[in-house]
Amino acid sequence: MSYWVFKSEPGEYGIDHLIAEKNKTTRWDGIRNYQARNNLRDQVALSDLVLFYHSSCKKIGIAGTMKVVKAAYPDPAQFDRHSRYYDAKSDRDNPRWYCVDVCMVEKFTEVISTSSLKANPVTAEMQIFKQSRLSVAAVSAAQWRAVQRLNGQLA
DNA sequence: GCCAACGTTGGC
DNA sequence: GCCAACGTTGGC
């Protein structure tokens, strides 16, 4: 089993949106970056655990955790002319973009801020801080545990 | 709202 | 295949 971090702007879609979903489950779609797509399509597996990262907002950081409940399948939005994620160049026989389904696991009582993540020697090494703009990134088991510990300190 | 980082596009 | 122009991301 692997660990991941998915980024989203809570103004667009945050952890409270996920909580409000039927079965607290949603399609994680709209990924339009090739490296993130490769991770999503080729690496992210059923039952993997995911950190929910809130970006571009007041309280930037990790808001909680999710679980992958459906492995990668073609993102339907790429074929929907009316979607902001429509991609005219994508071919139904060879889809360009993929998505997964995730469900809520835990909302942290406090968002774990980027400053505290960067202050911790383990979480400071997370890929999202080394490589900007990667919205689906790997997290090591040690990093995952460190995040859980930080959450325990805040709770 | 600014702007640095950086991925993508498109002309050559 | 190079690289300048452009658009987007995302922290501050």
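View 1. Arg133 has a relative accessibility of 70%, so the residue counts as exposed, the cut-off being over 50%. The model shown here and in the other views is predicted. Arg133 sits in the loop that links α5 (127–130) to β6 (136–139). Its phi is near 70°, a positive value in a residue other than glycine. Most residues other than glycine have a negative phi. A polar side-chain atom of Arg133 is placed 2.6 Å from a base oxygen of DNA strand C.

View 2. For Ser56, a backbone N or O atom lies 3.2 Å from a phosphate oxygen of DNA strand C.

**View 3. The protein surface around DNA strand C.** Sugar or phosphate accounts for 71% of the atoms of DNA strand C within 4 Å of the protein, and bases for the rest.

**View 4. Lys24, a loop residue with positive phi.** Lys24 belongs to the loop between α2 (15–20) and β2 (25–28). Phi of Lys24 is near 50°, a positive value in a residue other than glycine. The relative accessible area of Lys24 is 41%, which means that Lys24 is partly exposed.

Conventions:
Residues are numbered from 1 along each chain as its sequence is written. Chains are lettered from A and ligands numbered from 1 in the order in which they are written. This is a predicted model: local features need pLDDT of at least 70, side-chain atom pairs count only at pLDDT 80 or more; totals for chains, interfaces and linings use all residues. Side-chain values use heavy atoms; hydrogens and water are left out. Helices (H or I, at least four residues) and strands (E, at least two) are DSSP runs, numbered from the N terminus. Buried means under 20% relative accessible area, exposed over 50%, partly exposed in between (1.4 Å probe, protein chains only). A residue is near a molecule or strand if one of its heavy atoms lies within 4 Å of it. A polar contact is a pair of N or O atoms within 3.5 Å; within protein, one must be able to donate a hydrogen and the other to accept it, and residues adjacent in sequence count only if both atoms are side-chain atoms.
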